[in-house]
Amino acid sequence: MSAQHANGMARFTDQVALVVGGAQGIGKAIGVRLGREGAHVMIADMDCPTMEKTVREMCAEGTDARPVRCDVRDSAQVRAMAQEAVAWHGRIDVLMYIAGIAPSVPFLDVSEETWDNTVDTNLRGGFLVSQAILPHMVARKRGKLVFMASTNCWDAEAGLGHYNVSKAGLYLLAKTLAREFGPHGINSNAVGPGFIKTRLTEPVLADPEFMKKYDPARGLIPLGRLGTPEDVAGPALFLASDDASYINGVLLFVDGGQLA
């Protein structure tokens, strides 16, 4: 059964959503919410066992969900994913680009391999996926793009230079697509999560020295807690919904007030 939004409607009834990087964490939370609001949801990821488990859970809730393996760094795999996604129900209404990695490494220790892998996953993948999906949206004169950026694309964090740069680029990609494809009826926006408890942040969550600055007593996050994937899913779905039909090219921070 589809969950109803507060306005009494399932906002994504019969829409087709592709969630790239949807096996777990923020991507999973977004995929689950889309399904509960009536969408057909294709989950793309490299982690096949986790992705398939997520899809089974979604199907058990009544969602029409389907997995597809894709390494976003590989243009051939991206094109194959796009073809499969469009063929599934004949269209893509919503693209959620969530795929991302964030290895914490001091700048002088960042290898070319770490730099390239981070930028290729977080930014180049967004370019490849968008370029593969947009022609289908242009043909239908409608579509919603939502990119998972970060507070780090606005307020850089030490030890994450490669990540900061990739997420800043992803936000500018979202803005560029908003300008180029707005005339085709397509909205492109980005979400900027703050510190969210996911597998991506597990290493630093276990680092007492790093976590000192996120101590609620220090007031870095005015709401006094770290975020959850579900905290990000709601704003992401808002940007993909008709409620945000006149929002284009924005970066919506979801950070508990960290950047306030």
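Let's start with a polar contact: the backbone nitrogen of Val16 lies 2.7 Å from a polar atom of the side chain of Asp93. Please keep in mind that this is a predicted model. From Asp93 we will move on to a strand residue and then to a pair of helices.

- You will find Asp93 in the loop between α3 (75-89) and β4 (94-97).
- Asp93 counts as buried, because its relative accessibility is 4%, under the 20% cut-off.
- Leaving aside residues up to four places away in sequence, Asp93 touches Asp14, Gln15, Val16, Met137, Arg140, Arg142, Gly143 and Lys144.

- Although 24 residues separate Met42 and Arg66 in sequence, their C-alpha atoms are 4.8 Å apart in space.
- Arg66 is also among the residues that Met42 touches, when those up to four places away in sequence are not counted; the others are Ala17, Leu18, Val19, Val68, Glu84, Ala85 and Trp88.

**Helices α1 and α8**
- Helix α1 (residues 25-36) packs against helix α8 (residues 229-240) at an angle of about 55°, and their axes are 8 Å apart.
- That angle makes α1 oblique to α8.
- The two helices, α1 and α8, cross in a right-handed way.
- On the α1 side, Gly25, Ile26, Ala29, Ile30, Arg33 and Leu34 meet Pro229, Glu230, Val232, Ala233, Gly234, Ala236 and Leu237 of α8.
- Sorted by class, this contact between α1 and α8 has nine nonpolar, two polar and two charged residues.

Note on methods:
Residues numbered from 1 in each chain as written. Predicted model: local features only at pLDDT ≥ 70, side-chain atom pairs only at ≥ 80, totals over all residues. Heavy atoms only, no water. Axes fitted to C-alpha atoms, helices over the stretch in contact; angles between N-to-C directions. Helix = DSSP H or I, 4+ residues; strand = E, 2+ residues; numbered from the N terminus. Parallel < 35°, antiparallel > 145°, perpendicular 65-115°, else oblique. Left-handed = near helix turned anticlockwise from the far one by under 90°. Contact = heavy atoms within 4.5 Å. Nonpolar A, V, L, I, M, F, W, Y, C, P; charged D, E, K, R; others polar. Buried < 20%, exposed > 50% of the residue type's maximum accessible area, 1.4 Å probe, protein only. Polar contact = N/O pair within 3.5 Å; in protein donor to acceptor, adjacent residues only side chain to side chain.
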